[in-house]
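Work through the following exercises with the sequence and the structure at hand.

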Amino acid sequence: MSRLPLWAAALWWGSLSTIGFLVVPLLFATLPTPALAGNMAARLFAAQTGVSCVCALLLLMSSRKNQALAPTPIEQTAIIFIVGGMLLALLAEFAVAPRIVARENLRLWHSVGSAMYLLQWLCAGATFWKLTSQRT
């Protein structure tokens, strides 16, 4: 079995963890204004969407190679988490983020975006967990 899926899952979950739970809170704690921190956070989240999509596509393509063999229930469950995480990333970037930038009902859309980010983090973590448990 190739190590690429495991590395892609680790990068996906690790980058979501680092950006969302370390870097962005540090921006708001250290930059002089919330507006400046928010602009930088928006750029980081946009970049994270790209990382998430690339990792998810790598995971889906690598699972496709194994389809000739009968997929295991672990692989099938992981695919659900991969697709779900990628959809959450894209929806957050293209449906929620523009509303936050436009300051349209900011409290609502920020809450929705945060919930979607957390769900994406859980999907990436579940994918990583499934792939690591498959290797033992």
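The exercises below proceed from the whole chain to single residues.

The model is predicted: local features need pLDDT of at least 70, side-chain atom pairs count only at pLDDT 80 or more, and totals for chains, interfaces and linings use all residues. Residues are numbered from 1 along each chain as its sequence is written, and side-chain values use heavy atoms, with hydrogens and water left out.

**Exercise 1. The chain as a whole**

Solution. 
1. Helices (H or I, at least four residues) and strands (E, at least two) are DSSP runs, numbered from the N terminus.
2. Buried means under 20% relative accessible area, exposed over 50%, and partly exposed in between (1.4 Å probe, protein chains only).
3. Contact means heavy atoms within 4.5 Å. Among contacts between residues at least 6 apart in sequence, 77% join residues at least 24 apart.

**Exercise 2. Aromatic pairs**

Task: Determine which parts of the chain are tied together by the pair of W13 and F128, and which by the pair of F45 and Y117.

Solution. 
1. Rings of Phe, Tyr and Trp (its six-membered ring) pair if their centres lie within 6.5 Å; planes under 30 degrees apart count as stacked, over 60 as edge-to-face and the rest as tilted. The whole structure contains four aromatic pairs.
2. In one of them, W13 and F128 are stacked, at 6.3 Å centre to centre with 15 degrees between the planes. Because W13 lies in helix α1 and F128 in helix α4, this pair ties together parts that are 115 residues apart in sequence.
3. F45 and Y117 form an edge-to-face pair, at 5.2 Å centre to centre with 65 degrees between the planes. F45 belongs to helix α2 and Y117 to helix α4, so the pair ties together parts that are 72 residues apart in sequence.
4. F45 is partly exposed, because its relative accessibility is 29%; Y117 is buried, because its value is 13%.
5. One aromatic cluster is formed by W13, F21, W121 and F128.

**Exercise 3. The surroundings of S17**

Task: Decide whether S17 is buried or exposed, and name the residues that S17 touches.

Solution. 
1. S17 is found in helix α1. Its relative accessibility is 17%, so S17 counts as buried.
2. Not counting residues up to four places away in sequence, S17 touches L22 and W121.
3. S17 and W121 are 104 residues apart along the chain, yet their C-alpha atoms are separated by 7.2 Å.
4. The side chain of S17 also reaches the backbone oxygen of W13 at 2.8 Å. This is a polar contact: a pair of N or O atoms within 3.5 Å, where, within protein, one must be able to donate a hydrogen and the other to accept it, and residues adjacent in sequence count only if both atoms are side-chain atoms.

**Exercise 4. The salt bridge**

Task: Identify which residue forms a salt bridge with E104.

Solution. 
1. A salt bridge is a side-chain nitrogen of Lys or Arg within 4 Å of a carboxyl oxygen of Asp or Glu. The structure holds one salt bridge.
2. The partner of E104 is R99, with the closest N and O atoms 3.5 Å apart.
3. E104 counts as partly exposed because its relative accessibility is 40%; R99 counts as partly exposed because its value is 32%.
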